[in-house]
Amino acid sequence: IICSVIGKDEEGDVFLKTLKENGISGDHLLRSANRPTTLKSRVIGNNLQQLIRLDSETDSDITTDETNYIRDKIKIIIGSCDAIIFQDYDKGLLTPDLIRYVIDEANKNNIPTIVDPKNRNFFAYAGATLFKPNLKELKEGLHITLPKLLNSGTLKDAAGQLFKKMKVNGLLLTLSDQGIYIDNGHERHLLPAHIRNIYDVSGAGDTVASIAAIAIASGLSLQLVAEMANIAGGLVCEKVGVAPIDRNDFIAECERLLT
């Protein structure tokens, strides 16, 4: 179930049509006359590498009325959710007040929350179940420097700094070609990246967050959450552009690498 804001424009029409074609409801989207639908245009080179991305958007905060509309939608659906993902693109939808409301309601209902943050509201997600920045976002958020070659001790110290600054239950840190790190303050794992033919990293963070959410909602162990997310993040980088991973490919890779 997607809750977000799009514009009353052609791009918004295309987005709703795409959702319908893929069997996804657009009933919880707000169409705003105050902002355009975010449009990302990617220029792909002959070797299938992304050369540049051009964005048409606004990133100002949504209005109070728009925030209340989204809150009302969330209030209706939250009881039927197995997990909630905050995919924060820093476009103005996720204001501190809305973040706080959703996390509080999720915790009341014992619903896990998974956060893919950006810097503007980096510390607004206190109380979340799993906080999933990439390495650059963590360093910028904490104002720290880390060595190029990372190890468990260095990452444990960085995680400790995060836990001191904000109360979250766990950290899932994506490390690009160095793999993935997960830490809940008691248990921690540093998993290396699997060797892949990398074409495009677009959508990797989204994929990691979504698989981690499924794994957490399924009650899997901390290590298995990280291992499955790590596999999924590698698979999506083998595809050009923003694309979903294939369910059967994912299951086959999990069986190959985890059994």
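User: Is Ser176 buried or exposed?

Analyst: This is a predicted model, and in it Ser176 sits in the loop between β8 and β9 (180-183). The cut-off for an exposed residue is over 50% relative accessible area. Because Ser176 has 66% relative accessibility, it counts as exposed.

User: Which loop holds Asn110, and what is its relative accessible area?

Analyst: Asn110, a residue other than glycine, also has a positive phi, near 55°. Asn110 is placed in the loop between α3 and β6 (113-116). Asn110 counts as exposed, since the cut-off is over 50% and its relative accessible area is 71%.

User: Which residues does Ala193 contact, leaving aside neighbours within four places in sequence?

Analyst: Ala193 belongs to the loop between β10 (188-191) and α6 (204-217), and it is partly exposed because its relative accessibility is 33%. Its C-alpha atom is separated by 9.7 Å from that of Glu227, which is 34 residues apart along the chain. With sequence neighbours within four places set aside, the contacts of Ala193 are Ser176, Asp177, Gln178, Gly179 and Asn230.

User: How many helices and strands are in the chain, and what radius of gyration does the chain have?

Analyst: The chain contains eight helices and ten strands. For 259 residues the globule rule gives 18 Å, and the chain comes close to that, so it is as compact as a globular protein of that length. Along the principal axes, its C-alpha atoms fill a box of roughly 50 × 50 × 35 Å, and the radius of gyration is 18 Å.

User: What share of the contacts with a separation of 6 or more comes from residues 24 or more positions apart?

Analyst: Of the 259 residues in the chain, 44% are buried. Among contacts in the chain with a separation of 6 or more, the share that joins residues 24 or more positions apart is 61%.

User: How far apart do the centres of the positive and negative side chains lie?

Analyst: The accessible surface of the chain comes to about 13,900 Å², with 51% of it belonging to carbon and sulfur atoms. As for charge, the chain has 29 positive and 34 negative side chains. The centres of these two sets lie apart by 3 Å.

User: Which element gives the most residues to the largest nonpolar core?

Analyst: The largest nonpolar core has 40 residues, and those that touch the most other members are Ile84, Phe86, Tyr125, Phe131, Leu162 and Leu173. Two or more residues come from each of α2 (64-77), β5 (84-87), α3 (96-108), α4 (135-142), α5 (152-165) and β8 (171-174). With six residues, the element that gives the most to this core is α3.

User: What is the relative accessibility of Ala159?

Analyst: Ala159 is part of helix α5, and beyond its neighbours within four places in sequence it contacts Leu171, Tyr181 and Asp183. Ala159 and Tyr125, which are 34 residues apart in sequence, are 15 Å apart from C-alpha to C-alpha. Ala159 counts as buried, because its relative accessibility is 0%.

User: Is Leu30 buried or exposed?

Analyst: Leu30 is located in strand β2 (residues 29-32), and, not counting residues up to four places away in sequence, it touches Ser4, Val5, Ile6, Glu66, Tyr69 and Ile70. The cut-off for burial is under 20% relative accessible area. Because its relative accessible area is 12%, Leu30 is buried.

User: What separates the C-alpha atoms of Gln87 and Thr154?

Analyst: Gln87 lies in strand β5 and counts as partly exposed, because its relative accessibility is 22%. Leaving aside neighbours within four places in sequence, its contacts are Leu94, Asp116, Asp206 and Ala209. Thr154 is 67 residues apart from Gln87 along the chain, and the C-alpha separation of the two is 27 Å.

Technical notes
Residues are numbered from 1 along each chain as its sequence is written. This is a predicted model: local features need pLDDT of at least 70, side-chain atom pairs count only at pLDDT 80 or more; totals for chains, interfaces and linings use all residues. Side-chain values use heavy atoms; hydrogens and water are left out. Helices (H or I, at least four residues) and strands (E, at least two) are DSSP runs, numbered from the N terminus. The radius of gyration is taken over C-alpha atoms; the globule rule is 2.2 Å times the number of residues to the power 0.38. Buried means under 20% relative accessible area, exposed over 50%, partly exposed in between (1.4 Å probe, protein chains only). Contact means heavy atoms within 4.5 Å. Accessible areas come from the Shrake-Rupley method with a 1.4 Å probe; for residues, only the protein chains shown count as cover. Lys and Arg count as positive and Asp and Glu as negative; His and the chain ends are not counted. The place of a charge is taken as NZ of Lys, CZ of Arg, CG of Asp or CD of Glu. A nonpolar core is a set of buried Ala, Val, Leu, Ile, Met, Phe, Trp, Tyr and Cys residues joined through side-chain atoms within 4.5 Å.
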